[in-house]
Amino acid sequence: MSMISSLVTGWPLDVGVEVIVTMHKSSWRLNDGQVTISYYQADEETPMATAVLQLTCVEISLDADSSRSGAVTKRVADKRRWTWGPEGQGAILLVNCDRDWPRTKGLDCQDDKVESEEDLKDMSVMILTTRGPAEIFKMCQLVLHVSASENDKVRVFQAQEGRDVSQYKAVLGPRNTSHEVKGSRDQETVFYVEGLAFPDVDFSGLVSFHVTLLENPSKKFPATPIFSDSVVFRVAPWIMTPNTLPPRTVYVCSISDSYEFVEEVLELAESRGYSCLVEAVEELHRECEDASVVADVCRLVRRTNDRDFVAAVSKLARESKNTDFVGAVKELTWKAGCALTVCEGEKNHGDRWIQDEMEIGYVQAPHKGFPVVFDSPRNRELKDFPFKDLLGPDFGYVKREPVTDEVASQLDSFGNLEVSPPVTIRGKAYPLGRILIGSYISRAENREMFKVVRDFLYAQKVQSPVELDSDWLVVGHVDEFLTFVPAPDRKGFRLLLASPTACYKLLKQKEQEGYGEALMFEGEDERSSHATLITGKLETCNQVKIKSILADQDLMNSNEYFQKCIDWNRDILKEELGLTEEDIIDIPQLFTPEEPSGQAAAYFPNMVNMLVLERHLGIPKPFGPVVNRQCCLEKEVRQLLEPLGLSCTFIDDYKAYHQKHGEIHCGTNVCRQPFSFKWWNMTMP
């Protein structure tokens, strides 16, 4: 079939000739466009016959923000295709996973109502334009539709002119795959589209909407499509935020450990022969196990009139709470200029590990973005906090957990989930960084994070995950041996790795300098002009000399093995993040094997497990050997980090966190600003 230009005045009458006639303006009435066709014999100037082709032009266009400008763009070519990159095109859709209306019980996307104007702002606009004679739209059907494989991923509301948004009707979604639209001569029908599901293992994130004009000349036969237009959306992924992004809000739990306090008081009372008091305290604890028992026990103790005993119990009462720790975090957030939210006891129910409970990321479209908390499947005492306290206006919520009764392991806590800053590997850019997941890959059981969680993380595409080996740790979290801090040079950050080798090197150096008698866990040092120190004194652990640590061959052998585990991960990180040795800083740290597994726990507070608030670092106070009135471990870390413009604040978390196999990072969480880079500008992930 040959195509012949319309500029040619005559065409041979041949079966292979096709003439395309176009109109550039919609008709006002039926058949108001005409084309006269004249038929000529060869070499004749007078037509042998004439025909009139009557035309009616109808404009039907389905449009969205395909140019990603923040507003609906019309007449975009190839709206059916979604492409990545700064020159790419295709509309973007947010999962409407926040709760803008306080009376709503669930997420905004879990009902088929528009509760408020704010709810509407979370949706993407789609406009159907129809122009042409009214008779056409009476004779034909105009249908908006979505495929049956995608209708449970989206919901579409049709705007009702002059009506409150609460009267906007859901026309497409889980219950409907098609909706007949009443077209007219000159009309723009506005629709609002919300996402119902994030990209996942069974959902690419792409959703296409179609509008089709159907002709139905006889009720005996099904309608025939005579025109169709389409537009494609991609659901915005959930994006994690690395330490290098500025903080907005820090979260920490206020804890009162009444059970541990009562046990310590009972032990102390028995040692002093207060048998009646022991019985009274036990009875009191049976009747009341919440935080109020601490005050009640203190009142009982004061009746003994034993000043030393009362003082000792008062000290235990203070230590049963993490008040000093929360105060230190508050001071750090003040320096960093960000907000602090304290999760009180009635909400945390004694669970202090707020990092393990959730990971706060965000979603973003050209017209809107907001933070979204990813709730972990660990389901311990903090399980209600993300949903009940964070979910709200412009703060979304998502969760993934297995449908079976499978019990979560330590790997399913989100201390085992980190993300790198932006990196480039062998020419491929990851402008939003890469997710880091800890797995058990060095043992026979080869355990992993729940598949539904891992599938979700991989399906987001824009932060391609890297799996590390955390099997060698008792808790098994990646935040126990690595973190990232901002830096003014090179790649804009440094990777910090816990290093037994660096610790032994430092301790041997101090022994050679004549400080072999200096004590680990002595705990006293004075304020330094180089950094703020939250000081304390330990009375709950055995002090040990530098020379004794160095002489402990079992400890050294264990740490040689732990160093090999870290080096294995070091090589993975260098390969998968495109790092060199100059991008890595080794932080002195020792680990001790726990029986019977032989897995590692921090020997002293793990300084890598820190809170990073831009240049302000909240670092676990290591209580290292004091040399020249300074903790040599703290001094070493300051010398490593302060040249990068970082400020080190050492916080005592020994009793409240370290003794329970966690540190500052485990006990805090941060909502950070989103990347300035827009995810849709990535080259195809």
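**View 1. Cys-140 and its bridge partner in a predicted model.** Cys-140 has Glu-215 of strand E13 as its bridge partner. The two strands here are E8 (residues 140-146) and E13 (residues 206-215). They pair in the antiparallel sense, over 7 bridges.

**View 2. An open sheet built from 5 strands.** The strand order is E6-E14-E13-E8-E11. Pairing in this sheet is mixed. Which strands form the edges? They are E6 (91-93) and E11 (178-180), and each pairs on one side only. On average, neighbouring strands are turned by 30° against each other, direction ignored.

**View 3. The largest nonpolar core, with 82 residues.** Six names stand out here: Met-126, Phe-209, Phe-233, Tyr-251, Leu-457 and Trp-679 touch the most other members. Strand E17 (residues 358-365) gives this core its largest share, 5 residues.

**View 4. The contacts of Leu-457.** Which residues does Leu-457 touch, not counting those up to four places away in sequence? They are Trp-238, Phe-374, Leu-417, Ile-435, Ile-437, Met-449 and Pro-465.

View 5. At the start of H14, a side-chain oxygen of Asp-552 comes to within 3.3 Å of the backbone nitrogen of Asp-554. Just after the helix, Gly-578 takes a positive phi of about 70°.

Methods. Residues are numbered from 1 along each chain as its sequence is written. This is a predicted model: local features need pLDDT of at least 70, side-chain atom pairs count only at pLDDT 80 or more; totals for chains, interfaces and linings use all residues. Side-chain values use heavy atoms; hydrogens and water are left out. A polar contact is a pair of N or O atoms within 3.5 Å; within protein, one must be able to donate a hydrogen and the other to accept it, and residues adjacent in sequence count only if both atoms are side-chain atoms. Helices (H or I, at least four residues) and strands (E, at least two) are DSSP runs, numbered from the N terminus. A nonpolar core is a set of buried Ala, Val, Leu, Ile, Met, Phe, Trp, Tyr and Cys residues joined through side-chain atoms within 4.5 Å. Buried means under 20% relative accessible area, exposed over 50%, partly exposed in between (1.4 Å probe, protein chains only). Contact means heavy atoms within 4.5 Å. Two strands pair if DSSP finds at least two bridges between them. Axes are lines fitted to C-alpha atoms, for helices over the stretch in contact, and angles run from 0 to 180 degrees between N-to-C directions.
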